[in-house]
Amino acid sequence: MPVGIFRVCLVVITAIVNHPLLFPKENGTVPENVEEIIQKMKEREASLRLEQLRLEQEIADQEATQKAVENAAEVVEGSKEEKVRWDMWTALSMVIFLLIELWRQDFQEGNWQDTGGEEDDMAVLGRAFKGVSFPDKAVLASFYEKRILGTTGDVARMREMVEGFADDLLEALRSVCNRDADMEVEDCMGVGSMYENWRVRKPFVCDLIVPFAPPEPYCFRCQAWCSSDSSSPDEQGYGTIKVCRADEDVTGCICDKTKLGEDMLCLLHSQTNTTRPSSEMEDLLCFKNTQYLDADQVMKWFQIAVTKAWNRISHKYEFDLSFSLLDLPGALKIKFRSGKSIAFNLTPVVQYENSDVYFISHFPRSGLAAELPSSTRWFLTFAVYERRFIQLVSKTLPANACHVSCLQILSFVHGKQCSLTGPSGLSNYHLKTVMLHLLQARSSQDWAPEKLEARLQDMLKYLEKCLHEKKLYHFFIGNGKVPAELGFPIIFQRAEPLNLFRPFVLHRDIYRKTVDTFHEMLRNMSALINEYTVHIPLAHTNGIRKE
């Protein structure tokens, strides 16, 4: 009951307190400020919305920046991966290329004279022959009979005359020399195209080499480029000649390499032998202050000796003798009273050990090769072995084989082309080297006389291939297939092959000129052969057989 009364009283008191009449008059302005409050609230709401939009824009910009950074990172990573893949493929390609190149070089150097793929090589070559009319078998045979044989009939008599005079001249040379101080001259030997029976172009020049040796007690110690492991490509084909005493150790004694004490004496060499005056070595034709034989000194000595020898025997002959070229030691010319002349080369050489390889003081070179940097470096010539190889192979070939005929025709046409367009980097020695390679590559029956046309085309195609690759290897150097019957020194068979076309790599202008001349020769071959075949009398060809 009391609780109920308390509740009723609480309700009445609440109603009285909340009655409007109990508020004062100033509270009557509340309803009038509502619109202002609402307006402020709207302005506040608008500012808040602007702030919200600004914050949302900043967040969007940050998200865009973050996304751009992530994309850039992905691009960089992708490019790195792509670069890594590209570098990997590049490296792999280079490795494959190097392996192929190494294999190709090993194959060429190790099997450069392998005959197994000869027919395949000939099938893919001959690009320069497209559209070129090549003379047929009948035209070539007629050209060879009328032009080649008709102009070489007197070669044998000329060789005989030159050899007889050279022997007489050298005998006189020995008589005017001091046997105790001057060089000892041996008998001469004929080499080159005149003695291999393929010289076709005039003037006919006989090449004779004259071995010589120092007086006792001296001797020559020859060192070829292949005797040293540190020789450079520019030294291939050359060597040096050291003048030593015969009793001197080949390997050299340490007494001339180290300074001995005053109380020490070499038991192998006396004091008089350990030091030699400079004038003594110069008398032995050595380069100044060295023991190495000087090619220029040898040339001067030989020219003076030949002049003295001719003065002694000139009264016996009815012709004059003179030097045709002073740059060569023995470029001589015989002049008859009738006006005719005969030229021949008498060149001093030094024998390499006990072989028929010789160091030659001055070797006729084309403009393709650079001059030697020193007169103490000597050329090597294998001319004696080349002549023997041709003679040896000729015994196994059919009668009247066409190998010499091919070389003669090619030499003749190339010479005529050079007379029209100027000299090129090709020489007759290059053409001869091509023939030697093909002689070893092909069977004996392939050189039958009726196959003259095919073999001549083979020589041209082989030469075209060598010009394209700028590689024509010396026939003997590095050739392990040289017949044992020749007795060729094994040191040269085991040497690195000597590229005769290496100067083409260094002289691109000469190479371009040579290739152009070769292609022009191919285009003009039929015209040149036909021009020199027609209206040529047969008077000089009767009874002449090919040697």
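Predicted model: local features only at pLDDT ≥ 70, side-chain atom pairs only at ≥ 80, totals over all residues.
A residue is called buried when its relative accessible area is under 20%, exposed when that area is over 50%, and partly exposed in between, using a 1.4 Å probe and protein chains only. Residues are numbered from 1 along each chain as its sequence is written, and side-chain values use heavy atoms, with hydrogens and water left out.

**Overall make-up**

- The protein chain holds 15 helices and ten strands, where helices (H or I, at least four residues) and strands (E, at least two) are DSSP runs numbered from the N terminus.
- Among contacts (heavy atoms within 4.5 Å) between residues at least 6 apart in sequence, 72% join residues at least 24 apart.
- For residues 38-72, an unreviewed UniProt entry lists a "coiled-coil region", an annotation that may be inferred rather than shown by experiment; in the model this stretch is 100% helix and 0% strand, with its end C-alpha atoms 50 Å apart.

**Nonpolar cores**

- A nonpolar core is a set of buried Ala, Val, Leu, Ile, Met, Phe, Trp, Tyr and Cys residues joined through side-chain atoms within 4.5 Å.
- The largest such core has 115 residues, and those with the most contacts inside it are Leu 169, Leu 293, Phe 344, Leu 346 and Phe 492.
- A second, separate core of nine residues includes Val 349, Tyr 358, Ile 360 and Phe 379.

- Ile 241 is found in strand β5, residues 238-245, and counts as buried because its relative accessibility is 0%.
- Leaving aside neighbours within four places in sequence, Ile 241 is in contact with residues including Phe 220, Leu 293, Phe 359 and Trp 378; the C-alpha atoms of Ile 241 and Trp 378 are 7.8 Å apart, although 137 residues separate the two along the chain.

**Cysteines**

- A search of the whole structure finds zero disulfides, a disulfide being a pair of cysteine sulfur atoms within 2.5 Å.
- The sulfur of Cys 286 is too far for a bond, because the closest cysteine sulfur, in Cys 244, is 8.9 Å away.
- Cys 402, buried at 1% relative accessibility, has its closest cysteine sulfur in Cys 406, at 4.3 Å, which is likewise too far for a bond.

**Backbone details in loops**

- A cis peptide bond with omega about 0° joins Lys 202 and Pro 203, and Pro 203 has its place in the loop between β2 and β3.
- The peptide bond from Glu 216 to Pro 217 is cis, with omega near 10°, and Pro 217 lies in the loop between β3 and β4.
- Glu 353, in the loop between β8 and β9, has a positive phi near 50° and counts as exposed at 56% relative accessibility.
- Asn 400, in the loop between α9 and α10, has a positive phi near 55° and is partly exposed, with a relative accessible area of 38%.
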